[in-house]
Amino acid sequence: MTIRLLFWLPIFPLVVLGCATSQNQATIEQYNQFAVRSAKLQLWNEAIFRWQHILEIEPQNAKTYNNLGVAYEALGKIDEAIEAYKRATELDPDNKFYRFNYRKCRLHVQRSRMKPSDADGVDATDSSES
Amino acid sequence: MQPWNRVNRIPGQNGLFRLRMCPQSIHQRIRVLSPLWRWCGNLTASGLMVLISLSLYCGCGSSVTRVPIQIQVQSMIDANQYSSFAVLPFIEDERSDSRHIKVDEEIGRDLSSLMRIGLGRHQNFDVVSTNETLRMLTGETLNVDLLSNVDELVRIGQYFEVDAVIGGSYTFFAVSEPRRYYGERYSRELQRYVTDYQDYLQKTYVLSLRIVIAGVDTEEIIRDDRYDRRAVEAHTTGSFLISEIMPSGGVLKNLAKQAISEFTRQIAPHHEIEERFLVR
């Protein structure tokens, strides 16, 4: 009996914590799904609102930063887009999609010569990707 | 007669038979033939459902969504500062070698007209018309050296009362070289496909279009770019001889259209559709 109690005692708080985290995760997932659907319909302000809300819940969410970057870029807010992409690639440097978006945005800036200082970082390693 | 094989003749179709097997015999065969099928046979219905759901989830549940976004591409020059242009007739930059193709002298005027049409489509730009350009340039002699002479270009720009002057030169030449195309043909003697080749002449037309923009107020060359375009034709000896005699102004115009189109895209602010990845 004691052994069973000793086994279940540490598991119980883990289960409670896990439930709380999964509830947060579910909320984030729902917000993200909704925001992605909005983005597909070109409702970028709505999508930005949802993604900003996700960042309030989980400030280190790389995919949300990436998605925010796309939304800002679509609205022509290039500085914010670059900042968001940069944050996403910092949080998850191995993700090829984040790097692709970041690289394309910087190339766009470089081509448009809007802010050449931002585009200086477009290096050969990045451009060799897909 | 075997219990699991019954051959029925299909009515109305001579020579066609339908092989019918009883379900029990199919099961027996599957069990004998393949261990995988045997394993599948032992799966329960719920197991199958789980498998199907998993495969559907893996197939359809991609975590990334492509979205098209509209991005504004700025002009490569300051579109606010330079909004009115005079396009000078393009000048032929003659080469001394044999590859140079002599084309009609009027082509230079046609190319500048194409440029005027391309630039005139953009609402931000005001372009001096072809008639007015030709009228005002009456008596002027244009040569390739003019494109390097900023003072002269600025003087012409002031005369036209525009922000910038666009001038250009073109070089058009063709390179012909023998090529060999490898393919396969069926050999009746060997009763199989064999590797074969065919010699032909590849004629490559090359247009090198140089476009210069000179700012009138700034009195400097804003841009000096070269656009190279090429087109390739495959010829037999006969068609090659004909192509040498025939004028190739059509090819030149097509290549120039491509180059001028690229130039106007770079000069005019415009929107482009690009794809980005949203992560779910």
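How many residues does the contact take from chain A and from chain B? This note begins there and then moves to single elements.

1. The contact (heavy atoms within 4.5 Å) takes 26 residues from chain A and 20 residues from chain B. The model is a predicted one, in which local features need pLDDT of at least 70, side-chain atom pairs count only at pLDDT 80 or more, and totals for chains, interfaces and linings use all residues. Residues are numbered from 1 along each chain as its sequence is written, chains are lettered from A and ligands numbered from 1 in the order in which they are written, and side-chain values use heavy atoms, without hydrogens and water.

2. Chain A and chain B bury about 1,900 Å² between them, and 61% of that is on carbon and sulfur atoms. Buried area here is the accessible area (1.4 Å probe) that two parts lose on being put together, summed over both. On the chain A side, Phe97(A), His108(A) and Arg111(A) lose the most area to chain B, together 25% of what that side buries.

3. The interface of chain A and chain B has 1 salt bridge, a term that requires a side-chain nitrogen of Lys or Arg within 4 Å of a carboxyl oxygen of Asp or Glu. Glu73(A) forms a salt bridge with Arg276(B), with the closest N and O atoms 2.5 Å apart. Over all chains the count is 17 salt bridges.

4. Within chain B, Glu244(B) and Lys203(B) meet through their side chains in a salt bridge of 2.8 Å, N to O. Glu244(B) lies in helix H7 (residues 237-245) of chain B and Lys203(B) in strand S8 (residues 192-215) of chain B, so the pair ties together parts that are 41 residues apart in sequence. Helices (H or I, at least four residues) and strands (E, at least two) are DSSP runs, numbered from the N terminus. Lys203(B) has 3% relative accessibility and counts as buried, while Glu244(B), at 47%, counts as partly exposed. The cut-offs are under 20% relative accessible area for buried, over 50% for exposed and partly exposed in between (1.4 Å probe, protein chains only).

5. Arg223(B) and Asp225(B) also form a salt bridge, their closest N and O atoms being 2.8 Å apart. Arg223(B) is buried at a relative accessible area of 15%, and Asp225(B) is buried at 17%. Salt bridges that share partners join another set, Glu73(A), Glu274(B) and Arg276(B), into one network.

6. In helix H2 (residues 44-57) of chain A, the 14 residues should span 20 Å at 1.5 Å a residue, and the end C-alpha atoms are 20 Å apart, which agrees. The expected span is 1.5 Å times one less than the number of residues. Trp44(A), Ala47(A), Ile48(A), Trp51(A), Ile54(A) and Leu55(A) are buried in H2(A). Seen down the axis of H2(A), the buried residues fall within an arc of 120°, so they line one face of the helix; the arc is that of the directions from the helix axis to the C-beta atoms. On the other side of H2(A), Asn45(A), Phe49(A) and Glu56(A) are exposed.

7. Strand S4 (residues 84-87) of chain B is covered on both faces, with Ser84(B) and Ala86(B) buried on one side and Phe85(B) and Val87(B) buried on the other. S4(B) pairs in the parallel sense with strand S6 (residues 126-127) of chain B over 2 bridges, pairing being at least two DSSP bridges between two strands. Ser84(B) has Asp126(B) as its bridge partner in S6(B). S4(B) also pairs in the parallel sense with strand S7 (residues 164-187) of chain B, over 3 bridges, and Ala164(B) in S7(B) is the bridge partner of Phe85(B).
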